[in-house]
Amino acid sequence: MGRRTVRGAVVAAVLCAVVGAGAGPGSGFEAVAAPDPYAYDFADGARTVEGAASTTDAAGLEPGGVYRSTLPVNGQLYFRLALDATSNAYVSATAVPRQGATVASTDGVKVSVQDTDARSCSYDSTRFGPSRSPHPVAAWASRVTDGETTACQSAGTYYVVVERIDSPGSSSDDWDLELTYVSEPSLVNKSSTVAPESPGSDEAWGSASPDPLTGDAVRRPGGAGFATATPVGKGVWRDDITPGRTLFYRVPVDWGQQLYAVAELGSSGVDAGGGGRHVSSALVMSLYNPARGYVDDESLLYDGRQTSAALDPLPPVAYANRYGSGDRVSGMRFAGSYYLVVHLGEQMTERFGPGPYGLTLRVQVTGAAQDAPAYLGQSVPRDTFAVTDRDREAAAGWADVTGEDQGVAAGHGGGSGGDGDPAMRVVAVSGIGTGSLLVLGLGLWTVIARRRSWRV
């Protein structure tokens, strides 16, 4: 049993014994549902917005805003943007189907930005792929004023269109939806940055990957959403992952730097290499840029033996990459936090058991950081397209903590977003009085401390 499973069981048992026994009108206790380890972590403060069936009724989105909505089967939702003539606008939609939903490899989400004459500024779609396992997927669209096209350049009203892509036989229940809107300022002098001669050519920036990192892995529990993605930098990081779960990590990559990432799934000890048992696309590692735009993904076939998958070499982060062809080049257009999203397919349970399975990430960021382009103002939210000292410190690790529980002991593990241990968050919101909370908290931490001395 993994550490987080043990901890969840401890919390549930204590809450059932204490809260369940005394719950009732006037008791001062309220029943608290156990946290769902497979639930997606939406951003704190995300505003609920209802997508419209027509542009006429479309609700407006604000720069820097994060929104929650729902995406019905065969749904097409409209949202409204008010844009100036100089800024670049990026809108990303993360579709979150429920665990256990039936999805096809071609199911997914499509996002586009259109002007008032229904002309498309840009569009993008992301699918669940061969794993046919429901998990959060994101697609983005933009209105840019620094491209080679003359369309969508004027100030005025624009519309974001979010479409659900369904196949016959797929589940018909609603999907949750998270929307983000990021604004990028124009350059002081647009002519100072020109498109590279061969933006789609590996030879323009080198296609050889460095040797993967070796050495002991440091435990770094992954987050459960973009907003609570766990920061990691250069190093070897590990966590446990169960079928159907998705883990989020963020890597600060500055201007001029290159990102390399390898995901390794540990051996299961079950029918290793025998009997033809395997799961294709058992694990998928996807890369998204700071605006949550899709960049690339890799998947691996699993037969019970350890195996790994590496992202194809990516170009150094550069403003001019936006003029390149293909997501792998154009997606690496700005500095900031890049997201590694790792999903383990639900089919793994049937073939190899419920796990957990060992996940190792080998992350490298190479090259010296370069000066940012001369922007005419700030992004919204601020520093979205920059790497700050705080980002670097968070990604480097917590130097005052040692051992395999680094992330958890420092209060950054399990997608808590810096709010401390999820177990204590459950207790904190349970309505228990101050005295009872102290006693219960001490008991919980005593048990958890003992559990930490056990090996996973």
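Reader: What makes up the lining of the second largest pocket, by nonpolar, polar and charged residues?
Author: Ten residues are nonpolar, seven polar and seven charged. Ala, Val, Leu, Ile, Met, Phe, Trp, Tyr, Cys and Pro count as nonpolar; Asp, Glu, Lys and Arg count as charged; the others, including Gly, are polar. The model is predicted: local features need pLDDT of at least 70, side-chain atom pairs need 80 or more, and totals for chains, interfaces and linings use all residues. Numbering starts from 1 along each chain as its sequence is written, and side-chain values use heavy atoms, without hydrogens or water.

Reader: What makes a residue part of a pocket lining?
Author: An atom within 4 Å of a pocket point. A pocket is an open set of points on a 1 Å grid over the protein atoms alone, where a 1.4 Å probe fits, with protein on both sides within 12 Å along at least five of seven lines. The second largest pocket has 24 lining residues. Ser-122, Ser-142, Val-144, Arg-322 and Arg-333 lie nearest its centre.

Reader: Which element supplies the largest share of that lining?
Author: β7, with five residues. β7, β8 and α2 (327-330) each give at least two. Strands (E, at least two residues) and helices (H or I, at least four) are DSSP runs, numbered from the N terminus.

Reader: Why does β7 count as an edge strand?
Author: Look at its sheet. The order is β2-β4-β9-β6-β7, open, with mixed pairing. β2 (59-60) and β7 each have a single partner strand, so one side of each lacks a neighbour in the sheet.

Reader: How do you know that β6 and β7 pair?
Author: Pairing takes at least two DSSP bridges. Strand β6 (residues 108-114) has seven with β7, and the two run antiparallel. Ser-112 bridges to Tyr-123 in β7, and Val-109 to Thr-126. The two strands form a hairpin with five residues between them, and Ala-118 in the turn has a positive phi of about 65°.

Reader: Why are Cys-121 and Cys-152 called a disulfide?
Author: Their sulfur atoms are 2.1 Å apart. The limit is within 2.5 Å, so the pair qualifies. The structure holds one disulfide. Cys-121 lies in strand β7 (residues 120-127) and Cys-152 in the loop between β8 (137-143) and β9 (156-165), so parts 31 residues apart in sequence are tied together.

Reader: What makes this disulfide left-handed?
Author: The torsion about the S-S bond is about -90°, so the disulfide is left-handed.

Reader: Are Cys-121 and Cys-152 buried, partly exposed or exposed?
Author: Buried means under 20% relative accessible area, exposed over 50%, and partly exposed in between (1.4 Å probe, protein chains only). Cys-121, at 22%, is partly exposed. Cys-152, at 9%, is buried.

Reader: How many aromatic pairs are there, and why is Tyr-90 with Trp-140 called stacked?
Author: The count is 14. Rings of Phe, Tyr and Trp (its six-membered ring) pair if their centres lie within 6.5 Å; planes under 30 degrees apart are stacked, over 60 edge-to-face, the rest tilted. Tyr-90 and Trp-140 stand 5.4 Å centre to centre with 15° between the planes, which is stacked. Tyr-90 in strand β5 and Trp-140 in strand β8 are 50 residues apart. Tyr-90 is buried at 0%, and Trp-140 is buried at 10%.

Reader: What makes Phe-226 and Phe-248 edge-to-face?
Author: Their centres are 5.1 Å apart and their planes meet at 65°, so the pair is edge-to-face. Both are buried.
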